[in-house]
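This report covers covalent and charged side-chain contacts in one protein model. The sequence and structure come below.

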Amino acid sequence: MRMERLRSGIACLMIICGIIEAAAATVFTVGDTSGWSIGSDYSTWASDKTFSIGDTLVFTYPPGHTVDEVSASDYKTCAVGNAIASDSSGSTSVSLKTAGPHYYICGVPGHCGGGMKLSITVSAAAAGGGVVPGNTNVSPVPPAAVTALPPPASMAVPAGGGFTDPYASSARLSPAAVVAFYALAIFMWFV
């Protein structure tokens with residue numbers, strides 16, 4: 001009986017871990033329904049999105065195009081032939097593994113100048129935190145008035161006084177952390 005409960009608990013934990021992994025990352029289809037094509041405005045497309053490590057960019061395009069990851073200078077000048085990575089399969093998935101700026105162009109001469117260029121900045125934060133489905137950023141609304149009580153004698157006060165908001169976004173648990181907590185609780189219940 002105990003072994004059966006343990007197996008059930010492990011199976012449940014594996015399922016929940018899969019859900020955590022899926023919930024933690026966002027898949028962005030570059031250009032949405034327009035895909036990767038000449039004449040699109042990818043700066044506007046990317047402007048309302050938050051990209052994080054673990055997210056994926058999916059470029060969909062017909063034959064005759066490429067997706068080249070390039071340096072900042074090659075991006076600015078639309079220089080082709082020096083790609084860091086290149087693909088022409090028609091469906092290119094790029095997993096965002098490092099924080100910082102990333103630059104993509106179509107490596108076919110003239111296409112980058114025609115708008116097939118994308119510049120994004122990937123945040124170091126793990127995916128999923130602070131982002132709602134649909135890639136809309138949500139900021140908490142501060143209360144109309146905050147009355148700060150003096151800290152207990154045992155609590156250090158930040159330099160210059162001040163008040164550290166315990167509800168600031170840096171203090172919040174990501175959705176993945178909350179699911180992990182519940183997964184552990186369910187697992188412990190079965191064991």
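How many salt bridges does a search of the whole structure find? The search finds one. The model is a predicted one.

## Salt bridge

Lys49 pairs with Asp48 in a salt bridge, and their closest N and O atoms are 3.0 Å apart.

Lys49 is buried, at a relative accessible area of 15%, whereas Asp48 is partly exposed, at 48%.

## Disulfide

Across the whole structure, a search gives one disulfide. Its partners are Cys78 and Cys112, whose sulfur atoms sit 2.1 Å apart. The pair connects distant parts of the chain, 34 residues apart. Cys78 lies in the loop between helix 3 (72-77) and strand 5 (85-87), and Cys112 in the loop between strand 7 (100-105) and strand 8 (117-126).

The link of Cys78 and Cys112 is left-handed, with -65° about the S-S bond. Cys78 is partly exposed, with a relative accessible area of 23%, while Cys112 is buried at 3%.

## Cys106

A disulfide needs the two sulfur atoms within 2.5 Å. Cys106 is buried, and its relative accessible area is 0%.

Key: Residues numbered from 1 in each chain as written. Predicted model: local features only at pLDDT ≥ 70, side-chain atom pairs only at ≥ 80, totals over all residues. Heavy atoms only, no water. Helix = DSSP H or I, 4+ residues; strand = E, 2+ residues; numbered from the N terminus. Buried < 20%, exposed > 50% of the residue type's maximum accessible area, 1.4 Å probe, protein only. Salt bridge = Lys/Arg side-chain N within 4 Å of Asp/Glu carboxyl O.
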